[in-house]
Amino acid sequence: MTDLSVMPPKKAIGPIQWMKRNLFSTWYNVVLTLVVAYLIVTSVGPLISWFFVDANFMGSDPKDCSGAGACWVFISQRLDFFIYGFYPGEQQWRVDLMFLLLAVAFVPQFIERFPGRKWLGLFGVVGLPVAGYILIPGGPFGLSEVESTKWGGLMLTLILAYIGIIASLPIGILLALGRRSEMPIIRGLCVVFIEVWRAVPLITVLFMASVMLPLFLPEGLNFEKLARALIGITLWQSAYMAEVIRGGLQAIPRGQYEAASALGLGYWRKMGLVVLPQALKLVIPGIVNTFISLFKDTTLVLIIGLLDILGTVQSTVTDPSWQNVAVEGYVFVAFCFWVFCFGISRYSQSLERKLDTGHKS
Amino acid sequence: MIRIEGVHKWYGGFHVLKNLNLTVRQGEKIVICGPSGSGKSTFIRCINRLEEHQHGSIIVDDIELTDDVRQIDSVRRDVGMVFQHFNLFPHLTVLENCCLAPVWVKKIPRKEAESTAMEYLERVRIPDQANKYPGQLSGGQQQRVAIARALCMKPKIMLFDEPTSALDPEMIAEVLDVMIELAGSGMTMLCVTHEMGFAKTVADRVIFMDAGEIVEQAPPQEFFSNPKEPRAQKFLQQILQH
Amino acid sequence: MIRIEGVHKWYGGFHVLKNLNLTVRQGEKIVICGPSGSGKSTFIRCINRLEEHQHGSIIVDDIELTDDVRQIDSVRRDVGMVFQHFNLFPHLTVLENCCLAPVWVKKIPRKEAESTAMEYLERVRIPDQANKYPGQLSGGQQQRVAIARALCMKPKIMLFDEPTSALDPEMIAEVLDVMIELAGSGMTMLCVTHEMGFAKTVADRVIFMDAGEIVEQAPPQEFFSNPKEPRAQKFLQQILQH
Amino acid sequence: MKKQAINARTYGVKPWYDPRVRSLVYQTLAIALVFWGGWVLVENTLSNMASRGISTGFGFLDETAGFGIIMHLVPYDATMSYGRTFWVGLANTLLVSCMGVIAATVLGFIIGVARLSSNWLIAKLALVYIEVIRNIPLLLQIFFWYFAVLSNLPSPRQSADLGSALFINNRGLYLPQPVPQEGFGLFIAGVVLAVFAVVWVAKWARKRQLATGERFPMVKVALAILVTVPFVAYVIAGDPLGWDVPALKGFNFKGGITVIPELAALWIALSLYTASFIAEIVRSGILSVSKGQTEAANALGLPNRLTLRLVVIPQSLRVIIPPLTSQYLNLVKNSSLATAIGYPDLVAVFMGTTLNQTGQAVEVVAMTMAVYLTISLLISLLMNLYNRAVAIKER
Amino acid sequence: ATTLENVMEKGRLQCGVTTGLPGFSQPDEKGNWTGIDVDTCRAMAAAIFGDPKAVDFTPLTAKERFTALQSGEIDVLSRNTTWTLTRDVSLGLNFAGVNYYDGQGFLVSKDIGVNDAAELDGATVCIQAGTTTELNLADYFRAKSMEFKPIVFDTSEQTVQGFAAGRCDVLTSDRSQLAALRSKLADPSSAKILPNTISKEPLGPVVRQGDDQWFNIVKWVLSVQINAEELGVTSSNADDMLKSDNPSIQRLLGTDGDMGAKLGLPADFGYKVVSLVGNYGEIYDRNVGPDTPLGLDRGINALWNDGGILYAPPVR
Ligand SMILES: Nc1ncnc2c1ncn2[C@@H]1O[C@H](COP(=O)(O)OP(=O)(O)OP(=O)(O)O)[C@@H](O)[C@H]1O
Ligand SMILES: Nc1ncnc2c1ncn2[C@@H]1O[C@H](COP(=O)(O)OP(=O)(O)OP(=O)(O)O)[C@@H](O)[C@H]1O
Ligand SMILES: [Mg+2]
Ligand SMILES: [Mg+2]
């Protein structure tokens with residue numbers, strides 16, 4: 001009996017028993033497991049050999065590809081184009097610097113207890129757009145100008161997603177506040193704005209922004225195509241953002257509003273100092289998720305002729321000197337997006353868990 | 001200090017407050033009690049206009065509470081309030097909670113506001129918790145912070161809405177001690193509470209409300225030992241049974 | 001009816017149940033008490049295999065509880081259980097809650113199942129609530145529905161896991177009354193509860209558990225007036241103080 | 001006492017400090033601003049259009065379109081009007097949306113349940129599927145299914161065929177089309193009879209179940225009836241259904257029903273993508289049902305399968321429906337990506353070719369947006385109705 | 001403000017081009033645009049600013065182009081656009097001339113064994129959205145009572161991709177492009193261009209209606225290029241030609257008379273156009289001529305006195 005009082009009986013869960021429990025517990029599980037295992041085995045082998053074994057990694061031109069597997073040479077040869085678009089080569093350090101700043105601002109956010117994490121985050125939200133505004137188009141400080149038509153590739157994708165999210169945040173906040181306002185007309189206007197933007201597909205918004213906007217504006221008032229795409233994306237996104245933030249506002253207990261009022265804080269101070277800081281913190285995961293979906297949706301600018309990363313790949317896979325590289329190109333883009341989105345979504349999930357426990361304490 | 005005349009209030013068709021009349025002199029301490037739902041909270045919240053009354057007049061420190069936002073603001077500056085559920089701001093430290101209103105509403109320099117805040121935190125005996133967040137404090141400590149936060153605005157009047165009813169028994173004493181001390185310093189106080197010990201110690205008057213009316217007003221000794229109204233008698237019996 | 005021999009159970013490395021032995025005869029009423037975390041719930045849940053024991057044997061109505069699903073099913077058909085938090089199905093009416101298992105598990109015609117259900121609902125004194133949804137009932141009513149639901153399967157044994165501890169004082173009496181009546185009808189019952197009144201009225205035996213062990217077994221008069229084990233004495237003191 | 005009138009203003013409140021007055025002013029301002037903005041926009045647009053000689057109005061809808069559309073559910077040819085192209089596009093949008101909603105829902109539920117499967121392999125596979133698919137842009141997936149898969153399909157001459165009636169090649173999937181012939185009425189009668197028989201048997205089985213509690217193998221019997229009765233009728237009528245089997249004529253298959261690759265690619269991509277989101281919704285919906293419910297069901301002796309069906313799923317639907325709604329809306333909106341691969345949906349046909357041929361951007365875009373707005377309002381309306389129907393009754 | 005004023009103020013010309021069509025408008029790896037349509041815009045920039053680089057190119061799909069021009073997004077559309085009555089009249093546009101005379105043709109893969117367009121009954125046709133080709137195609141098949149299935153893509157790249165993937169039997173487009181599009185195939189020899197030309201496709205730059213000055217500028221910059229070829233003025237001899245005593249050349253290059261002022265341009269705009277961008281022949285040879293990958297003969301695009309139909313109104 002002594003052993004029983006200390007430790008549980010060692011149920012030796014060997015691999016056999018584990019499989020019996022987790023793979024072959026009932027007859028239909030046996031069938032399912034076998035079918036799935038067969039499918040995996042038959043498909044994974046060829047995939048691996050296409051991706052790695054038969055693939056060509058080294059070389060500089062189409063002749064270096066055997067054709068048996070993937071032609072990664074194509075990617076490495078055109079990588080500059082995929083990342084920078086037409087951004088002039090000798091100026092690409094500016095973009096690299098922005099990538100670096102982006103990494104400096106946000107990679108520490110994944111590392112708990114990184115000193116100054118919050119400040120770096122703040123820099124990412126406030127400082128980074130300013131730095132980008134100076135660095136990327138050039139102009140001041142003797143930086144040569146690079147027109148927005150030359151931007152492209154991954155860099156353009158990131159710019160669109162980043163500006164889209166940063167700019168839609170304040171508009172989203174205003175809309176959310178408006179939607180919870182006690183003034184029926186303000187509330188109604190906000191509801192209509194939000195619902196209309198959420199109902200229409202992004203590509204119609206982009207189409208309007210890219211070719212029709214000047215028709216609505218007085219003559220002479222004109223922005224660049226990129227700026228107009230950004231306006232479209234931002235307004236569209238702010239409607240989604242408003243709904244996310246509204247969720248946060250609703251979660252703040254009434255007592256907080258009352259306590260702030262009792263201290264004599266007016267509407268804007270009450271919101272700005274007491275309610276919004278709490279509400280925004282609560283919906284960070286929601287904001288991150290919105291960001292991910294926006295990030296994926298930026299690919300649609302391809303349809304209005306901006307060359308984002310998918311656009312650059314699309315435009316090069318038809319290059320006659322490289323044959324049959326479409327799949328490689330798409331896989332490359334898919335991989336880029338996947339790494340970003342999966343990484344960020346994992347981050348948001350961990351945040352969600354953390355905020356969850358924080359709530360209960 | 002406070003003059004309340006013929007105040008009525010409705011929630012939709014429901015008549016919560018019925019013809020309330022009350023005058024509170026400076027430095028007076030008043031305890032309000034009554035059965036649940038009798039309108040005590042609503043009444044006390046009308047005094048700093050968290051609720052709007054629909055008839056009658058409430059005059060606080062010579063300012064009448066009307067729709068005028070400036071008047072409401074200046075009344076709120078003079079009236080501190082402590083809630084049942086503390087309602088501290090969880091995203092700010094204790095010290096920041098205390099400084100928020102002085103800095104933003106009274107425009108006092110941050111340094112100065114902080115030193116005042118520390119003073120009041122000492123007075124409620126938790127100066128060492130100043131840099132913690134509310135979530136890290138016990139209920140009793142949180143309620144004391146809430147009192148300090150209200151005091152930091154140097155109000156002329158303090159309103160308490162069942163400040164101890166959400167607390168565990170051990171913590172009730174901590175908070176009551178602070179309140180008794182505060183009463184000793186001559187602050188005008190209106191307090192909704194069922195703590196008879198507190199009422200007997202500090203109250204100048206006990207007001208008993210039922211169904212939205214002030215049923216009885218009397219000094220605490222008289223009220224507790226010899227209530228006149230049958231409703232008050234019944235209520236006291238229930239409380240004593242408990 | 002129930003034979004439990006040398007049962008051990010672990011949660012990971014934590015030894016919750018230690019060498020439990022117990023025999024329950026048909027019609028016996030057993031009350032289990034003990035401090036929080038002593039393993040009472042775990043024990044009672046082992047009896048209808050909501051938890052798995054890892055050593056020893058549990059034989060219910062001549063069926064041993066092993067991994068065999070069919071045996072588990074037939075045991076569960078004979079053992080009714082009432083939970084602390086009722087666990088009624090909120091998407092079904094009271095009547096549907098009661099008929100679900102008879103119809104789907106015992107394949108009783110719906111009509112018949114309904115009339116049986118109405119009988120039991122009458123027995124727990126809420127036949128008039130039959131077509132309401134659980135969310136529309138008070139806690140005490142919900143718990144009585146839960147009892148009726150378990151009874152509808154005509155179980156030979158009833159298990160109760162603190163059936164009254166989530167209820168307001170007025171409602172406790174309603175539920176206890178029903179349980180006492182049920183006990184009177186000769187049902188075999190195992191009940192985790194701290195209601196001494198109930199234990200004294202109906203229990204044949206009181207079992208006291210602590211730290212996963214059965215520390216003392218005795219008839220209620222004996223147990224409450226003169227507990228032998230020091231741990232039981234201490235526990236009873238705490239309860240009586242309360 | 002009668003409720004008294006509000007008489008605050010008699011105390012001499014300065015109107016600009018009265019929150020009621022303020023709110024009125026703000027709202028009036030807001031309305032004015034919106035109207036002014038709207039007016040400026042309309043004014044600008046009209047004057048811009050006038051100065052650039054762009055024709056306005058909806059007269060263009062009656063003009064001849066003059067271009068071909070590969071797929072049309074409503075009758076169409078190049079001699080018909082631009083107005084007709086609107087309906088053609090709309091029908092195609094609705095078709096792919098409906099197909100997508102159905103497939104994504106079925107797939108999403110299967111994968112969501114698979115994610116919780118006790119079978120380790122299945123659960124992991126579902127996880128991998130979800131994490132891969134939902135983190136890759138939809139447009140990319142559409143391109144993949146279209147260009148990468150299309151180029152690996154055989155040309156019409158080398159079509160893969162199934163029983164020489166069903167053909168797959170890079171022009172699409174060709175299915176035989178049934179053509180009713182003489183005696184077909186008898187077959188129809190058989191089908192109708194079978195359906196009535198099934199309904200009757202179902203009623204009878206239910207009655208018997210209520211009376212005796214005996215369960216009836218309804219599904220199997222129903223299937224048997226539905227197969228045999230029409231089959232017998234078919235045989236008696238003497239093979240009354242001709243099949244228009246697609247055949248290679250010239251360089252393409254002719255006859256039969258064609259599923260064009262654009263539709264297939266769009267449908268597959270939309271369904272797979274949306275399914276990965278629905279799967280997560282389903283999973284969290286199932287997990288949201290408290291453990292106590294499962295335990296209570298188990299304690300009553302309900303086996304796991306019935307517990308899931310009778311207790312867990314009905315309750316999880318409440319949690320699932322609202323986010324599911326927004327996924328449906330997303331799917332409908334995303335179907336507009338059709339334009340990237342040449343599927344003739346509303347955006348591609350109407351906001352594409354028609355807009356381009358007529359040049360009436362404002363009218364065309366307004367009509368297109370109105371369609372999406374209507375669809376989205378309709379879906380939310382239906383879902384809200386459903387939601388109300390299943391809401392938990394509380395006191 | 002007039003378009004010219006706006007353009008002068010911006011200091012740049014906004015020119016709408018294709019998203020990529022060899023010989024007409026195509027960006028290279030560095031994003032530098034080349035092609036006949038591109039050079040038309042460069043010539044305008046040379047005329048206005050004296051700087052052929054003062055152009056921003058907006059890549060447009062066929063579907064977007066008119067909306068972009070109507071809305072004012074671009075100043076001039078130089079995107080191999082066919083001149084038709086509807087476009088000229090009801091779209092509110094003005095065609096400023098023709099810089100390439102084209103016709104619609106067919107590209108088929110060799111293994112379907114078709115030698116003439118009349119054999120295309122039942123064919124699946126890849127085509128670019130929003131083009132006259134889309135309409136001509138329908139007309140052609142209807143006239144011959146043949147059936148066809150149109151697969152409509154957004155860009156010419158996708159059209160080729162679809163054709164390459166075997167989605168269609170035939171790719172139809174302007175003949176000038178078929179060769180270029182064929183060159184994008186993995187195996188160009190697997191496809192051939194049918195002899196038929198089923199339509200007239202006069203391609204040229206387009207402006208908005210209602211601004212005659214701007215319309216004239218575009219029209220005359222084009223004419224100057226053609227006249228320059230006729231008069232033998234090239235970018236290499238333009239400086240010498242300044243001293244020419246041929247009055248036509250003098251008027252063309254602005255050494256005599258003030259043709260520029262009448263248009264609102266500098267007096268020497270003709271000289272700038274020819275010296276900085278070249279005459280029509282140079283532009284043709286450089287972009288689509290026999291020595292380019294496209295290898296197109298002048299054909300009807302030769303001067304009127306050289307067997308073609310290019311006949312520019314005189315600068316006088
Ligand atoms: N916002 C509201 N709308 C409608 N009725 C309300 C509202 N707030 C309070 N009431 C009702 O007004 C009555 C008085 O409420 P009040 O909170 O003032 O009671 P109380 O005396 O403070 O009770 P307690 O001791 O429970 O706090 C109650 O019947 C309550 O239901
Ligand atoms: N799923 C679980 N995993 C790990 N430990 C558990 C689990 N469930 C219960 N325990 C632990 O087992 C011990 C016994 O739990 P049990 O619920 O049986 O206690 P109890 O006697 O019913 O207490 P109470 O009176 O609070 O209900 C406790 O210490 C508890 O923390
Ligand atoms: Mg209250
Ligand atoms: Mg327990």
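**Figure 1. The salt bridge between chain E and chain A.** One salt bridge is counted between chain E and chain A in this predicted model. The pair consists of Arg228(A) and Glu73(E), whose closest N and O atoms lie 2.3 Å apart.

**Figure 2. The contact of chain E with chain A.** Chain E contributes 29 residues to this contact, and chain A contributes 26 residues. Together the two chains bury about 2,100 Å², of which 49% is on carbon and sulfur atoms.

**Figure 3. Helices H2(D) and H10(D) within chain D.** Helix H2 of chain D spans residues 82-115, and helix H10 of chain D spans residues 346-358. Their axes come within 7 Å and cross at roughly 160°. Angles over 145 degrees count as roughly antiparallel, and H2(D) and H10(D) are therefore roughly antiparallel to each other. The crossing in which H2(D) passes H10(D) is right-handed.

**Figure 4. Residues in the contact of H2(D) with H10(D).** On H2(D), the contact is formed by Tyr82(D), Thr85(D), Phe86(D), Gly89(D), Leu90(D) and Thr93(D). These residues meet Leu346(D), Val349(D), Phe350(D), Thr354(D), Gln357(D) and Thr358(D) in H10(D). By class, the contact of H2(D) with H10(D) comprises six nonpolar and six polar residues, with no charged residues.

**Figure 5. Chain pairs with and without contact.** Seven pairs of chains are in contact, and chains A and D share the most contacts among these pairs. Chain B does not touch chain C, the nearest C-alpha atoms of the two being 13 Å apart. Chain B and chain E likewise do not touch, and 47 Å separates their nearest C-alpha atoms.

Technical notes
Residues are numbered from 1 along each chain as its sequence is written. Chains are lettered from A and ligands numbered from 1 in the order in which they are written. This is a predicted model: local features need pLDDT of at least 70, side-chain atom pairs count only at pLDDT 80 or more; totals for chains, interfaces and linings use all residues. Side-chain values use heavy atoms; hydrogens and water are left out. Axes are lines fitted to C-alpha atoms, for helices over the stretch in contact, and angles run from 0 to 180 degrees between N-to-C directions. Helices (H or I, at least four residues) and strands (E, at least two) are DSSP runs, numbered from the N terminus. Angles under 35 degrees count as roughly parallel, over 145 as roughly antiparallel, 65 to 115 as roughly perpendicular and the rest as oblique. A crossing is left-handed if the near helix is turned anticlockwise from the far one by less than a right angle, and right-handed if clockwise. Contact means heavy atoms within 4.5 Å. Ala, Val, Leu, Ile, Met, Phe, Trp, Tyr, Cys and Pro count as nonpolar, Asp, Glu, Lys and Arg as charged, and the others, Gly among them, as polar. Buried area is the accessible area (1.4 Å probe) that two parts lose on being put together, summed over both. A salt bridge is a side-chain nitrogen of Lys or Arg within 4 Å of a carboxyl oxygen of Asp or Glu.
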